[in-house]
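Student: Could you walk me through this one, feature by feature? I'd like to learn how to read the pairing, the packing and the rings.

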Amino acid sequence: MRRVCRSRGFTLIEASMTTAIIGIAFVAALELFGACTKQNRASAQTTVAMMLGRHVQEAMLSLPFTDPNPISATFGAETGETLATFDDVDDFNNQSFNPPIDALRQPIDELAKYTQTVSVTSVNPNQPSASGSAGSAVRITVTISYKSTDSAPVERIYSYSWLRMNQ
């Protein structure tokens, strides 16, 4: 009578296939981890940018629409005005803040990689997409950009706009 001897281990082909399958799964998991990390960083930047846009809106909230000095006809900051002495909404026109400012107009040094750029444009109050005469309504746009290092390009992260009417 002949005995059939069966091996109880894995063959070389089975072991190679298992190694290949595990290797492919591991590489796919690493790529997924990298993509998730990149998306988390982008989400964090967007969240900070949204907060910085709202800071500018809050800083402008208590300011009058028109200059309290009736003699001034300047759209934008008057000569000699600084961020601390801005006294109406249009003073923020064409201003950039790096480091960005908070709602109290104080610099946020920890966020120095971000820049807030403000644009104030006169619009027609009945048709906000069209330009209007000064004194009726303005569109305020805050653009937040990010620069990770001195040699890195500037990335535009977020843009936030709202209308302000003369009451």
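Student: Which residue is the bridge partner of Thr115 in E4?
Tutor: Strands, labelled E, are DSSP runs of at least two residues, numbered from the N terminus, and helices are H or I runs of at least four. Two strands pair if DSSP finds at least two bridges between them. Here Thr115 has Ser145 as its bridge partner in E4, and Ser145 in turn stands opposite Arg156 in E5. Keep in mind that this is a predicted model, where local features need pLDDT of at least 70 and side-chain atom pairs count only at pLDDT 80 or more, while totals for chains, interfaces and linings use all residues. Residues are numbered from 1 along each chain as its sequence is written, and side-chain values use heavy atoms, with hydrogens and water left out.

Student: In what sense do E2 and E4 pair, and over how many bridges?
Tutor: E2 and E4 are antiparallel, with 9 bridges. E4 and E5 also run antiparallel, joined by 10 bridges. As a general idea, side chains in a regular strand alternate between the two faces of the sheet.

Student: Why is E4 described as largely enclosed by the rest of the structure?
Tutor: Buried means under 20% relative accessible area, exposed means over 50%, and partly exposed is in between (1.4 Å probe, protein chains only). In E4, 8 of the 10 residues are buried, so the strand is largely enclosed by the rest of the structure.

Student: Which residues touch the most other members of the largest nonpolar core?
Tutor: A nonpolar core is a set of buried Ala, Val, Leu, Ile, Met, Phe, Trp, Tyr and Cys residues joined through side-chain atoms within 4.5 Å. The largest one has 26 residues, and Met60, Phe92, Val118, Val120 and Ile140 touch the most other members. At least two residues of this core come from each of H1, E2, E4 and E5. E4 gives the largest share, 5 residues. Take Ile140: leaving out residues up to four places away in sequence, its contacts (heavy atoms within 4.5 Å) include Met60, Val118, Tyr160 and Trp162.

Student: How far does H1 reach, and which strands do its buried residues pack against?
Tutor: The expected span of a helix is 1.5 Å times one less than its number of residues. H1 covers residues 12-61, 50 residues in total, and reaches 74 Å from first C-alpha to last, close to the 74 Å expected. Its buried residues, among them Leu52, Val56 and Met60, pack against E2 (114-124), E4 (137-146) and E5 (155-165).

Student: Is His55 buried or exposed?
Tutor: His55, in helix H1, is buried at 17% relative accessible area. Beyond its neighbours within four places in sequence, its contacts include Ile101, Asp102 and Gln116. Val27 also lies in H1, but is partly exposed at 44%.

Student: And how many aromatic pairs are there?
Tutor: A ring pair is described by the distance of the centres and the angle of the planes. Rings of Phe, Tyr and Trp (its six-membered ring) pair if their centres lie within 6.5 Å; planes under 30 degrees apart are stacked, over 60 edge-to-face, and the rest tilted. The count is 5. Phe86 and Phe92 have centres 5.1 Å apart and planes at 75°, so they are edge-to-face. Tyr158 and Tyr160 are stacked, at 6.3 Å centre to centre and 15° between the planes. Phe92 is buried at 0%, and Phe86 is buried at 5%. Ring pairs also link Phe86, Phe92 and Phe97 into a cluster.
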